[in-house]
Amino acid sequence: MTTTAKTPPSKALHPPIAGRTAIVAGNGQLPVAVAQSLRKLGDNPLIVAIKGEAEPEFYAGEHAEISIVELGGLVKILKAEGISNVVLAGGIRHRPEFRAALRPGNGNLVALYRFLRAFRLGDDGLLRAVIATIESYGFRVLGAHEIVPDILAPAPGTLTRKRADQESVANMHAARQAAIMIGSLDIGQAAIAIGRRVVALEGVEGTDAMLQRVAELRHAKRINRKGGVLVKCAKPQQEVRADLPAIGVSTVENAVKAGLKGIAIEARRTLILGYGETIAAADKAGLFIETFEQESS
């Protein structure tokens with residue numbers, strides 16, 4: 001049995017944001033989507049590319065570049081360009097080194113102390129410290145979804161032609177509980193369950209690498225049961241202005257390689273990068289994509 005696929009989220013643009021906005025761009029297509037949306041709103045965003053992370057297309061036009069720990073350099077750029085708002089968008093493949101943050105010019109002593117303490121924390125703790133440091137200089141930090149609201153996963157339901165069967169619903173429940181648990185420990189945002197048993201948890205390697213690991217386990221016949229579900233959800237303590245969980249076409253492709261039946265994501269707190277392309281890829285592959293709301297504790 002199938003259900004009619006949901007229509008894409010509304011394409012209505014977000015009301016204009018006061019002041020010029022800077023996009024601190026990591027890898028992936030999220031910074032591109034934010035830049036395009038701001039230009040449609042009449043803003044001329046400043047692209048601050050993170051060295052070794054940002055997509056090549058950002059280097060074709062006017063831009064600035066910093067390393068991931070150059071907070072002092074970032075602040076100087078933001079002040080010189082008259083920036084009011086900052087968006088942290090895109091992935092980071094390489095966690096910053098502790099020693100690099102100790103270089104002169106990386107911020108005032110209070111901000112630097114806050115930043116250095118965060119190095120012992122997980123990704124969410126580190127991002128909170130980065131945001132607090134940027135805001136301590138008077139800048140406003142916005143989430144990418146505040147500028148491009150249509151990239152947020154819609155209300156709970158089925159987004160694809162195919163829907164979850166009874167076995168998949170049980171897998172969704174198991175993976176969801178596991179994802180919440182590792183999220184509360186600031187470890188990851190995703191889990192995979194097969195045969196109602198959790199077989200993989202997301203760590204620093206990311207979702208695609210976790211899916212590839214499951215595909216390898218299947219090939220090695222360490223996992224024999226068919227099906228399975230990937231669940232992605234925000235951490236319970238998630239700083240929603242950065243690093244919300246996301247899926248895209250590559251997620252669907254890797255889920256297919258891993259032999260899964262579908263993907264379940266948290267409604268309104270997960271990003272779908274390239275909504276139309278992602279749903280089309282899932283429909284073509286015969287996968288379901290469903291959204292759910294977290295139960296209130």
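Start by selecting glutamate 205, which at 35% relative accessibility counts as partly exposed; in this tour, buried means under 20% relative accessible area, exposed over 50%, and partly exposed in between, with a 1.4 Å probe and protein chains only. This is a predicted model, in which local features need pLDDT of at least 70 and side-chain atom pairs count only at pLDDT 80 or more, while totals for chains, interfaces and linings use all residues. Residues are numbered from 1 along each chain as its sequence is written, and side-chain values use heavy atoms, with hydrogens and water left out.

**Salt bridges**

The whole structure has eleven salt bridges.

Next, select lysine 235 and aspartate 186. Their salt bridge has its closest N and O atoms 2.5 Å apart. Lysine 235 is in the loop between β9 (229–232) and β10 (246–247), and aspartate 186 is in the loop between α6 and β7 (190–194), so the pair links distant parts of the chain, 49 residues apart. Helices (H or I, at least four residues) and strands (E, at least two) are DSSP runs, numbered from the N terminus. Are lysine 235 and aspartate 186 buried or exposed? Both are buried.

Move to arginine 161 and aspartate 283, whose side chains meet in a salt bridge at 3.7 Å, N to O. This pair, too, links distant parts of the chain: arginine 161 sits in the loop between β6 (157–158) and α6 (166–184), and aspartate 283 in helix α9 (residues 275–285), 122 residues apart. Aspartate 283 is buried because its relative accessibility is 17%.

For a network of salt bridges, select Glu135, Glu239 and Arg241.

**The six-stranded sheet**

Zoom out to the strands. The chain as a whole has nine helices and 13 strands. Six of the strands make an open sheet in the order β6-β13-β11-β9-β7-β8, with mixed pairing; two strands pair if DSSP finds at least two bridges between them. At the edges are β6 and β8 (197–201), each pairing on one side only. Helix α6 packs on this sheet and touches β7, β8, β9, β11 and β13, its direction making about 145° with that of β7. Angles run from 0 to 180 degrees between N-to-C directions, the axes being lines fitted to C-alpha atoms, for helices over the stretch in contact, and contact means heavy atoms within 4.5 Å. Helix α7 (residues 207–219) lies across β7, β8 and β9 and runs at about 20° to β7.

- With β13 (residues 288–292), β11 runs parallel and is joined by five bridges.
- Opposite isoleucine 265 stands threonine 291 in β13, and opposite glutamate 266 stands phenylalanine 292.
- With β9, β11 pairs in the parallel sense over four bridges; leucine 230 has isoleucine 263 as its bridge partner in β11.

Five of the five residues of β11 are buried. Gly262, Ala264 and Glu266 point one way, and Ile263 and Ile265 the other way.

**The nonpolar cores**

Select Ile192, Leu230, Leu260, Ile263 and Ile289: these have the most contacts inside the largest nonpolar core, which has 26 residues. A core here is a set of buried Ala, Val, Leu, Ile, Met, Phe, Trp, Tyr and Cys residues joined through side-chain atoms within 4.5 Å. Two or more residues come from each of β7, β8, α7, α8 (249–257), β11 and α9. Which of these elements gives the most to the core? Helix α7 does, with four residues. Another core, of 23 residues, lies apart from this one and has Ile47, Val87, Leu152 and Leu244 among its members.

Center on isoleucine 192. Beyond residues up to four places away in sequence, isoleucine 192 touches residues including Ala175, Met210, Val214, Leu230 and Leu260.

**Helix α8**

Finish on α8, whose buried residues are Thr251, Val252, Asn254 and Ala255. Their cover includes α7, β9, β10, β11, α9 and β13. After α8 comes glycine 259, with a positive phi near 75°.

Technical notes: A salt bridge is a side-chain nitrogen of Lys or Arg within 4 Å of a carboxyl oxygen of Asp or Glu.
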